[in-house]
Amino acid sequence: MGALTENVSEQGVAAGTAEGRLAGKTALVTGGSRGIGRGIAVRLAQDGARIGVHYGSNAQAAKETVAEIERAGGSAFTIGVELGTPGDARKLWSAFDAHADGLDILVNNAGIGTSRPFADTDEAEFDRLFAVNAKAPYFITQLGADRLRDGGRIVNISSGVSRAAVLPDIVTYAMTKGALDVFTRNLSKVLGPRGITVNSVAPGIVDTDVNADWLRGEENKDAWAGAAAMSALGRVGTPADIADVVAFLASPDGRWVTGQWIDATGGSLA
C-alpha cells in the first residue's frame, strides 16, 4: 500500500458528517449474520458503508441481514466461510475479492460464545475455541492488511470477561478474548504508521439469540434480572449498544483512538 498522506487526519475530519459519514467505504463484519454482528453490520450500513456480511453456517440469517440493509437503502453482500478450519482466512478473502476491491473497515466479531468449566474442558474444545476466537482473527487480519486502505479501521470484538473474573466457568473463552486484546494492542503499533487504528470493544451480557435460552428460558427465570443487575445502568445490553460504539471507532471521529480496550459492558465491571 502507498505511504500515508500527511494530512489524513484533517481529511478525515472534513469527510465526516453525522449522516453518511462512511459513504464510499467498504466494511467486512465477520459473524455479521446474527446478534451483535448483525447489529454492527446494519449500523455501519446506516452510516453509508457497503457491508460484507460473513457467516459460518447460517446462510439464511446472512441473507436476512443483507435484506434488512438493502430495504433501508444500503448495499451488502454475503460471504460464507466456516472459521476455525484450515485455510479459513484465505478462503474468506478469496470470496471477498469477488465482491469488492479493497477494504476500509474490518470488524473481527465472529466467535464461539461459551465454554465448559475448567475441569471439564478437553483439548478438542480448547483448540476449537482458540482456532475461531483468536487464530482466525489473526490470520484474517494478516491476509487482509494489504487490502485495507491507509487510514482504515480494525475493531476486534472482545469481552468483559477478558479483564475481570466475573464468569470463571467460561475461563477458556475468556483466555481467547485476552489473546485478542494482546493482538489489538500490538497491532496498533504495527499498522499505526499507515494511519490504521486498531481497537477492542468489550461487550458484557447482550440480548441475542445465542443468549436467549439462558436469559429467557423457563428453567432459569432469574437470569434476566441477574444479568440486568450486573450493569450499573440496570438493564441487559442490546446489539445496538455495541454497534454504536463500533460505529464511533469506525468513523472519522474515532481517528485518534487506537490500541484501546473499550468497556461496553454497561458498567458491569465498575
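**Helices side by side**

Guide: Let's start with helix H2 (residues 35-46) and helix H3 (residues 59-71), whose axes come within 10 Å and cross at roughly 25°. Helices here are DSSP runs of H or I with at least four residues, strands are E runs of at least two, and both are numbered from the N terminus. Axes are lines fitted to C-alpha atoms, for helices over the stretch in contact, with angles from 0 to 180 degrees between N-to-C directions. The crossing therefore makes H2 roughly parallel to H3 (under 35 degrees; over 145 is roughly antiparallel, 65 to 115 roughly perpendicular, the rest oblique).

Please keep in mind that this is a predicted model: local features need pLDDT of at least 70, side-chain atom pairs count only at pLDDT 80 or more, and totals for chains, interfaces and linings use all residues. Residues are numbered from 1 along each chain as its sequence is written, and side-chain values use heavy atoms, with hydrogens and water left out.

Back to the pair. H2 makes its contact (heavy atoms within 4.5 Å) through Arg38, Ala41, Val42 and Ala45, while H3 brings Ala61, Glu64, Thr65, Glu68 and Ile69. Sorted by class, the H2 contact with H3 has five nonpolar residues, one polar and three charged. Here Ala, Val, Leu, Ile, Met, Phe, Trp, Tyr, Cys and Pro count as nonpolar, Asp, Glu, Lys and Arg as charged, and the others, Gly among them, as polar.

Now turn to helix H5 (residues 123-144) and H6, whose axes come within 9 Å and cross at roughly 15°. That angle makes H5 roughly parallel to H6. From H5 the contact takes Phe126, Leu129, Phe130, Asn133, Ala134, Pro137, Tyr138 and Thr141, and these meet Thr172, Tyr173, Met175, Thr176, Ala179, Leu180, Phe183 and Leu187 of H6. The class count of H5 with H6 is twelve nonpolar, four polar and no charged residues.

Let's zoom in on Thr172, which lies in helix H6 (residues 171-191). Thr172 is buried, at 4% relative accessible area (buried is under 20%, exposed over 50%, partly exposed in between, with a 1.4 Å probe on protein chains only). Leaving aside residues up to four places away in sequence, Thr172 touches Ser115, Thr121, Phe126, Leu129 and Phe130.

Gln142 is also worth a glance, as a residue of helix H5. With 43% relative accessibility, Gln142 is partly exposed. Its C-alpha lies 8.9 Å from that of Ala89, although 53 residues separate Gln142 and Ala89 in sequence.

Phe77 and Phe96 share one aromatic cluster with Trp93.

Finally, let's step back to the protein, which has nine helices and seven strands. Of its 270 residues, 46% count as buried. Among contacts between residues at least 6 apart in sequence, 73% join residues at least 24 apart.

Definitions and conventions: Phe/Tyr/Trp six-rings, centres within 6.5 Å; stacked < 30°, edge-to-face > 60°.
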